[in-house]
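Let's take a walk through a protein model together, starting from the inside.

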Amino acid sequence: MKILEGKVALVTGATRGIGKAIAIKFAEAGANIAFTYRQKNGAAEELESCLSALGVSCKGYAADAADYTVTEEVVKLVQADFGRIDILVNNAGITKDGLLMRMNEQQWDDVIATNLKSAFNFTRSVVPIMAKQRGGSIINMSSVVGVSGNAGQCNYSASKAGLIGFSKSVAKEMGPRGIRVNCIAPGFIMTDMTSALSDEMREAWCKTIPLRRGGNPEDVANVALFLACDMSAYVTGQVISCCGGMNC
């Protein structure tokens, strides 16, 4: 039996990078997948085809994760379409980097809304469903810069640090209902966000990592699979770094 068979997972921001890898990994483990994306494009249809080919039910939903009303409606649709929600992965995120002295208010607000408020929006709508089911796993995608900070990323670092505090608080609130809440803190992962860097910059980053390589989205997806399944039944309120030792 596949370890997530019969489960329903909702993954936000799943059409590329880490979110896509998690959706595929969960489907390979037998979970039915609901996923969100910001704008209708070929990537959503491609992911639906990929997941369907793995023999699970799947459906994509267009949603601005930073909009509370929209996310509330999406969660209602997912519950109606799938009957339950067992796993929530708050993965939707953006970067708008810049030094504090040059950062404008819009850069700050956009990153906080997409990265942090979106997790509140989806979690707030999902926990009543999980509470009635007497169980569930919520996985929030933080970052090593949410733990240690990073120059030029005060907005991103603040949003990811906020996710850690949010997760620990909700874990304490919802533990009695059987709902587990944990964070993953990826390090230097080879995604669209890092592809904009020059080869020289990527090589310089890798030299600072004890494992001497950048991670790939599947590395993070493997950690998410552990947190989603019953192997982590006694793990909640934790931050698991997936960074090759970068933040050890």
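Which residues touch the most other members of the largest nonpolar core? Before the answer, a word on where things come from: this is a predicted model, in which local features need pLDDT of at least 70, side-chain atom pairs count only at pLDDT 80 or more, and totals for chains, interfaces and linings use all residues. Residues are numbered from 1 along each chain as its sequence is written, and side-chain values use heavy atoms, with hydrogens and water left out.

A nonpolar core is a set of buried Ala, Val, Leu, Ile, Met, Phe, Trp, Tyr and Cys residues joined through side-chain atoms within 4.5 Å. Buried means under 20% relative accessible area, exposed means over 50%, and partly exposed is in between (1.4 Å probe, protein chains only). The largest core has 36 residues, and Leu4, Ile22, Phe26, Ile33, Leu51, Ile139 and Ile184 touch the most other members. Several elements each supply at least two residues of this core, among them β1 (8-11), α1 (17-28) and α9 (217-228). Such helices (H or I, at least four residues) and strands (E, at least two) are DSSP runs, numbered from the N terminus. A second, separate core of 28 residues includes Tyr61, Ala92, Ala119 and Phe122. In soluble globular proteins, nonpolar side chains tend to be buried together.

Now find α1. Nine of its 12 residues are buried, so this helix is mostly covered. Phe26 is one of the buried residues. Setting aside residues up to four places away in sequence, Phe26 is in contact (heavy atoms within 4.5 Å) with residues including Leu4, Ile33, Ile139 and Leu225. Just after α1, Gly30 takes a positive phi of about 105°.

Next, look for aromatic pairs. Rings of Phe, Tyr and Trp (its six-membered ring) pair if their centres lie within 6.5 Å; planes under 30 degrees apart count as stacked, over 60 as edge-to-face and the rest as tilted. The structure holds two such pairs. Phe35 and Tyr37 form a tilted pair, because their planes are at 45°, with centres 6.1 Å apart. Both Phe35 and Tyr37 are buried. The rings of Tyr68 and Phe120 are stacked, because their planes are at 25°, with centres 6.0 Å apart. Tyr68 lies in α3 (residues 68-82) and Phe120 in α4 (residues 105-133), so this pair ties together parts that are 52 residues apart in sequence. Tyr68 is partly exposed at 28% relative accessibility, and Phe120 is partly exposed at 39%.
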